[in-house]
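Me: I am new to this structure and would like to learn how to read its features. Please guide me through them in order.

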Amino acid sequence: QVRLVESGGGLVQPGGSLRLSCAASGFTSDYYAIGWFRQAPGKEREGVSCISVSSDGTTYYADSVKGRFTISRDSAKNTVYLQMNSLEAGDTGVYYCAGNPGPPPRNWKWFNWYDYWGQGTQVTVSS
């Protein structure tokens, strides 16, 4: 059974940094995709970033986080990271990692494609 566990959220001042982790277990293949999504109160869930956990490690980013966030993976630890720099108040929300076997679809933000979800971790950017 696939399990995804997020960690690393917290309270940070504007301009600060956080690194989120998504520990994955239970995938029967080394070829899967992990996406990061976030949801702020009263807003729809939105895709933040995605990585194809395979030899090519293709990455994808929402325009709102390009240049500030970096997604990466440690295959030995089956963990995907989201390094978030220059955080803004608009980055506040609950961050979820989600996964599914295979390469991500062209529209990697389509959350219905992801069968497996973590419990979420709160990120609050405030002074």
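**Strands, sheet and disulfide**

Reply: R3 stands opposite S25 in β3. This is a predicted model, in which local features need pLDDT of at least 70 and side-chain atom pairs count only at pLDDT 80 or more, while totals for chains, interfaces and linings use all residues. Residues are numbered from 1 along each chain as its sequence is written, and side-chain values use heavy atoms, with hydrogens and water left out.

Me: What is a strand, and how many bridges join β1 to β3?

Reply: Strands (E, at least two residues) are DSSP runs, numbered from the N terminus. Two of them pair if DSSP finds at least two bridges between them. Here β1 and β3 (residues 18-25) run antiparallel and are joined by five bridges.

Me: In which order do the four strands of the open sheet stand?

Reply: The order is β1-β3-β8-β7, with antiparallel pairing. β1 (3-7) and β7 (69-74) stand at the edges with a single partner strand each, so one side of each has no neighbour in the sheet. Neighbouring strands of this sheet are turned by 15° against each other on average, direction ignored; the angles are taken between axes, lines fitted to C-alpha atoms, on a scale from 0 to 180 degrees between N-to-C directions.

Me: Which residues of β1 lie on its covered face, and which on its uncovered one?

Reply: In a regular strand the side chains alternate between the two faces of the sheet. In β1 the covered face has L4 and E6, and the uncovered face has R3, V5 and S7.

Me: Which cysteines form a disulfide?

Reply: A disulfide is a covalent bond between the sulfur atoms of two cysteines. The criterion applied is a pair of cysteine sulfur atoms within 2.5 Å, and the count comes to one disulfide. C22 and C97 form it, with their sulfur atoms 2.2 Å apart. Their link is right-handed, with 70° about the S-S bond. It connects distant parts of the chain, C22 in strand β3 and C97 in strand β9 (residues 93-101), 75 residues apart.

Me: Is C22 buried or exposed?

Reply: Buried means under 20% relative accessible area, exposed over 50%, and partly exposed in between (1.4 Å probe, protein chains only). C22 is buried at 1%, and C97 is buried at 0%.
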